[in-house]
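Work through the exercises below with the structure in view. Try each task before you read its solution.

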Amino acid sequence: MYPNRENARLLWYHDHAMGSTGRNVAAGLLGAYVIRDDYARSLNLPRGPYEIPLIITTMQVEPSGALSYTKDIGKEFYGNAVAVNGKLWPYGNVEPLKYRFRIVNASNARSYAMKLVDAAD
């Protein structure tokens with residue numbers, strides 16, 4: 001049991017089995033949760049449906065649609081697709097309000113330059 005006595009933050013967790021951590025994360029065996037405190041609540045940041053966690057992972061999608069992963073555990077894994085919260089090419093409908101995105105880069109080797117785009121353009 002974890003007492004979670006830390007200050008407010010987003011934490012993420014995943015398996016650390018020797019030799020299969022990356023494969024398990026790429027397969028979706030991970031999660032995240034938010035710890036809140038009085039100070040963070042006093043900041044009046046967006047919450048509820050306006051606070052959106054985004055867990056970004058790299059996947060290798062074969063032409064058949066099957067997922068695969070490198071057999072070389074010492075090799076960086078970039079894959080050929082990126083999933084957000086387990087979905088390929090996700091999108092979200094939003095209102096003209098402020099949002100708070102809580103982002104976890106759970107990819108094995110990739111880094112990202114994030115931006116918001118208007119799909120109508």
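**Exercise 1. Find the volume of the largest pocket and the residues closest to its centre.**

Step 1: This is a predicted model. Its largest pocket has a volume of about 1,200 Å³.
Step 2: The lining of this pocket is made up of 27 residues. Closest to the centre are Pro-90, Tyr-91, Gly-92, Lys-115 and Leu-116.

**Exercise 2. Work out which strands supply at least two residues of that lining.**

Step 1: Locate β3 at 51-61, β5 at 81-84 and β7 at 100-105. Each supplies at least two lining residues.
Step 2: Look for the top contributor. β3 gives the most, with four residues.

**Exercise 3. Describe the extent and burial of the protein chain.**

Step 1: Take the C-alpha atoms. Along the principal axes they fill a box of roughly 50 × 45 × 20 Å.
Step 2: Turn to burial, which means under 20% relative accessible area. Of the 121 residues, 22% count as buried.
Step 3: The accessible surface comes to about 9,300 Å², and carbon and sulfur atoms hold 55% of it.

**Exercise 4. Find what share of the contacts with a separation of 6 or more joins residues 24 or more positions apart, then compare the mean positions of the charges.**

Step 1: Such residues account for 66% of these contacts in the protein chain.
Step 2: The chain has 14 positive and 11 negative charges. Their mean positions are 3 Å apart.

Note on methods: Residues numbered from 1 in each chain as written. Predicted model: local features only at pLDDT ≥ 70, side-chain atom pairs only at ≥ 80, totals over all residues. Heavy atoms only, no water. Buried < 20%, exposed > 50% of the residue type's maximum accessible area, 1.4 Å probe, protein only. Contact = heavy atoms within 4.5 Å. Areas by Shrake-Rupley, 256 points an atom, 1.4 Å probe, with all protein chains shown as cover. Lys, Arg positive; Asp, Glu negative; His and termini not counted. Charge placed at Lys NZ, Arg CZ, Asp CG, Glu CD. 1 Å grid on protein atoms, 1.4 Å probe; cavity = no way out; pocket = protein on both sides within 12 Å on 5 of 7 lines; lining within 4 Å. Points joined across faces, edges and corners; volume = space filled by probe spheres on them.
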